[in-house]
Amino acid sequence: MSTPAVPGSSGLFTGFTKLCKGLAVVLIGGHILVQVFPAAVNYLALIPARTIPFAWNLLTAGYVEQSVYGVVVSTVGLLFVGKLLEPIWGSREFLKFIFIVNFLTSLCVFITAIALYYITQEEIYLYFPVSGFYGILAGFLVGIKQIIPDQELPVVKLRAKWLPSLAVFVSIAVSFWTTGAATYLPTIIFGTYISWIYLRYWQRKPEAKLKGDPSDDFAFSTLFPELLRPVIDPVASVIHRLLCGRSESPNNAEDYTAGGTPLPGSDPIEASRRRERGARALEERLAAARSAQESGRDATDSV
């Protein structure tokens, strides 16, 4: 299978896709809008008490960053991670992933806020505005873990498969020291989980006529360190039996067969090929970036 084209891979700060640039403009524009017109937060951010009748905030909340820090992190993350994922998934699938993860993450946050209100009778859960691109960024990390799980990232010297759990654990830890954790912690947790469900069961592969990635290497517990997997596996199995009508277990290969016929997406070879394509794409980008840096140094030396 041929290596996917990596457009614009001439350097670290080039090669950003048109779609990612357009979405970055949306994020920056949304931030400017709520700074110039603060009342816009009441209509664009997710405020559970106002979601009915303002149901559109389930869609708009993910693209509204209320802080400068948030818009910078979201924009940079979108551009750099999108440069890796979009060429592999395709622009249409990349946009579909963002749309579905954003909507379902907001819906889960809404349901959780309503439940917490009925449990605690605290109105803050109904009127606290929640917004930001963090859920989708967390989903991108799950996508990276799926494609290049064993790739060691430069600078941080960390394998890609640990990025989702690291983001969740760091967010939980930071929430103990910050009062604004409610604006990002639920979206990161739900974004991680929803994106895994999408990639595990729903993502279509038209070129291979497959759906999802049921490989053992992409079981939900593999997002976390091995120490936690004995605890996570039973919980994941119960939840996925409720959601999908079947248990979630790394050793449950029979769940993906019907009468001896594999279900769509149950091809581990295709999952392996997809990871190989992702690894090659990342290696090409890193090599191009190093080449560009060396060319720049040579040009400087010659001057």
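Reply: In this predicted model, helix α1 covers residues 18–36 and helix α4 covers residues 68–89. Their axes come within 9 Å and cross at roughly 170°. Because angles over 145 degrees count as roughly antiparallel, α1 and α4 are described as roughly antiparallel to each other. On the side of α1, the contact is made by Leu-19, Cys-20, Lys-21, Leu-23, Ala-24, Leu-27, Ile-28 and His-31. On the side of α4, the residues in contact are Val-68, Val-71, Ser-74, Thr-75, Leu-78, Leu-79, Gly-82 and Glu-86. Sorted by class, the contact of α1 with α4 has ten nonpolar, four polar and two charged residues.

Over residues 97–119 the chain is 100% helix and 0% strand, with its end C-alpha atoms 33 Å apart. Over residues 184–202 the chain is 95% helix and 0% strand, and there the end C-alpha atoms are 25 Å apart.

One further residue deserves attention. Gln-146 belongs to helix α7, which comprises residues 134–147. Its relative accessibility is 2%, and Gln-146 therefore counts as buried, the limit for that term being under 20%. The side chain of Gln-146 also makes a polar contact with the side chain of Asp-213, at 3.1 Å.

Conventions
Residues are numbered from 1 along each chain as its sequence is written. This is a predicted model: local features need pLDDT of at least 70, side-chain atom pairs count only at pLDDT 80 or more; totals for chains, interfaces and linings use all residues. Side-chain values use heavy atoms; hydrogens and water are left out. Axes are lines fitted to C-alpha atoms, for helices over the stretch in contact, and angles run from 0 to 180 degrees between N-to-C directions. Helices (H or I, at least four residues) and strands (E, at least two) are DSSP runs, numbered from the N terminus. Angles under 35 degrees count as roughly parallel, over 145 as roughly antiparallel, 65 to 115 as roughly perpendicular and the rest as oblique. Contact means heavy atoms within 4.5 Å. Ala, Val, Leu, Ile, Met, Phe, Trp, Tyr, Cys and Pro count as nonpolar, Asp, Glu, Lys and Arg as charged, and the others, Gly among them, as polar. Buried means under 20% relative accessible area, exposed over 50%, partly exposed in between (1.4 Å probe, protein chains only). A polar contact is a pair of N or O atoms within 3.5 Å; within protein, one must be able to donate a hydrogen and the other to accept it, and residues adjacent in sequence count only if both atoms are side-chain atoms.
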